[in-house]
Amino acid sequence: MPTDQDISRTPWQVTRSVWYAMFMREAVSRTMADRMGWFWMIAEPLAFTMIMVAIRGFIRGDRFIVNAEFIPWMIVGIMGFFLVREGLLRGLGAVSANSALFAYRQVQPVDPVLVRNFLEGMLRTFIFMLFIVGALMLGTDIMPDHGVRAVFWWISLWCLGMGLGLITSVAGTLVPEVATVIRMLNMPLLILSGVIFPLNQLPHWLLEYLMYNPIVHGLELLRVNFFDGYQTVPGTSATYFWLFTLATIVIGLLMHMRFKEKLKAK
C-alpha cells in the first residue's frame, strides 16, 4: 500500500529517491565488498598499457600515428573503450542482481541498469583523471588540447555504453546465452576498435567494415580533441556515432517497457 509520504511526493521525487538508494547500494558493493576492487580497476588498464608499451618495439605502431605520441594515444583509447565496455557488461547482471527489489512497486528493472552505468562512468572518469595526473608526474603530457570537446566525447562514449547496457540487460536476462556471447566478444571488440593499434594502415576494403563499429568513431573523436592535429581514421563521423547511440538508447528503453513484467518475474 502506498504511504502518505509516497502520495505527497511527485513521481520524479520518488524516482530520484530510488536512484539515490540504489546508487549508494551499488557504490558500497562495487568499491568495498571486494578489498581488491579499487586495485583491479586501476591495475587492469595500467597492466594493459605496460604490456603494449613493452611490445611496441616489435610492432612500432607509433610510426603510423600522426601528431600524437603512442603511449598517451593508447591510454586515451583504452580508457574510452573500458568506459563503453563497462556499460555493456555491467548491464548484463544488473536486473538479476536486484530482482529482490522489484517487490517494491517504485523500483523498475531499468533503474539498476541506469544506476550502474552512472556509477561505472563516475569511477572510470576518476580513474582516467588519476592516469592523467600520474602521466604528468612522469613527464608525459596527456592533457587534452581541446578540453571542453574532449569532455563532450567522453560523455558521448558514456552514453553509448548506457545504450548498449540497456539492450544487453534485457537480452542477457531473458536469454542467458546472450551474456556468454557478449563476454566472448570483449577481446575481439577491443582489437577491432582501434584501441591498441592505429587502423589507418589497414586495407580500405577491411576498414570499410570496421567503420560500422561506433566505438571506433567515438574513440577517434575523443583522441582528436586530446591531440591537436591528430589525423583520424578516414570515414570517422560524429553523425553516425550519435545516430547509433541514440538508436541503442531508444531501443533499450523500448525493450525495458515491453518486457518489464518478464524481467520482474526472472
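# Exercises on a helical model

R90 is partly exposed, with a relative accessible area of 28%; here buried means under 20% relative accessible area, exposed over 50%, and partly exposed in between, using a 1.4 Å probe and protein chains only. The model is predicted, so to speak of local features a pLDDT of at least 70 is needed, side-chain atom pairs count only at pLDDT 80 or more, and totals for chains, interfaces and linings use all residues. Residues are numbered from 1 along each chain as its sequence is written, and side-chain values use heavy atoms, with hydrogens and water left out.

## Exercise: the partners of R90

Find which residues form salt bridges with R90, and where they lie.

Solution. Start with E86: its salt bridge with R90 has closest N and O atoms 3.3 Å apart. (A salt bridge is a side-chain nitrogen of Lys or Arg within 4 Å of a carboxyl oxygen of Asp or Glu.) R90 and E86 are 4 residues apart in helix α5, which means about one helical turn separates them. Helices here are DSSP runs of H or I with at least four residues, strands are runs of E with at least two, and both are numbered from the N terminus. E86 has a relative accessible area of 6% and is therefore buried.

Next, look at E120, whose side chain meets that of R90 in a salt bridge at 3.5 Å, N to O. This pair links distant parts of the chain, with E120 in helix α7 and R90 in helix α5, 30 residues apart. E120 is buried too, at a relative accessible area of 3%.

Finally, widen the view: R85, E86, R90, E120 and R124 are linked in a network of salt bridges. The whole structure holds 6 salt bridges. As background, side chains of opposite charge can pair when their charged atoms come close.

## Exercise: a bridge between helices

Work out which parts of the chain are tied together by the salt bridge of R116 and E26.

Solution. Begin with the distance: the closest N and O atoms of R116 and E26 are 3.3 Å apart. R116 belongs to helix α7 and E26 to helix α2 (residues 11-31), so the bridge ties parts 90 residues apart in sequence. E26 is listed among the buried residues of α2, along with V14, V18, M22, A27, R30 and T31.

Solution. Take the length before anything else. Helix α5 (residues 70-90) has 21 residues and spans 29 Å from its first C-alpha to its last, close to the expected 30 Å; the expected span is 1.5 Å times one less than the number of residues. Of these 21 residues, 18 are buried, so α5 is largely enclosed by the rest of the structure.

Now turn to the core, a set of buried Ala, Val, Leu, Ile, Met, Phe, Trp, Tyr and Cys residues joined through side-chain atoms within 4.5 Å. The largest one has 47 residues, of which W73 and F128 touch the most other members. Two or more residues come from each of α3 (37-54), α5, α7, α8 (147-174), α9 (176-184) and α12 (214-226). The biggest share, 12 residues, is given by α5. Another core, of 15 residues, lies apart from this one and includes M22, A94, L166 and I249.

Solution. Beyond neighbours within four places in sequence, S169 has contacts (heavy atoms within 4.5 Å) with G91, V95, V113, H256 and L263.

For the surface, go to L130 in helix α7 (residues 110-137). L130 is partly exposed, at 38% relative accessibility.
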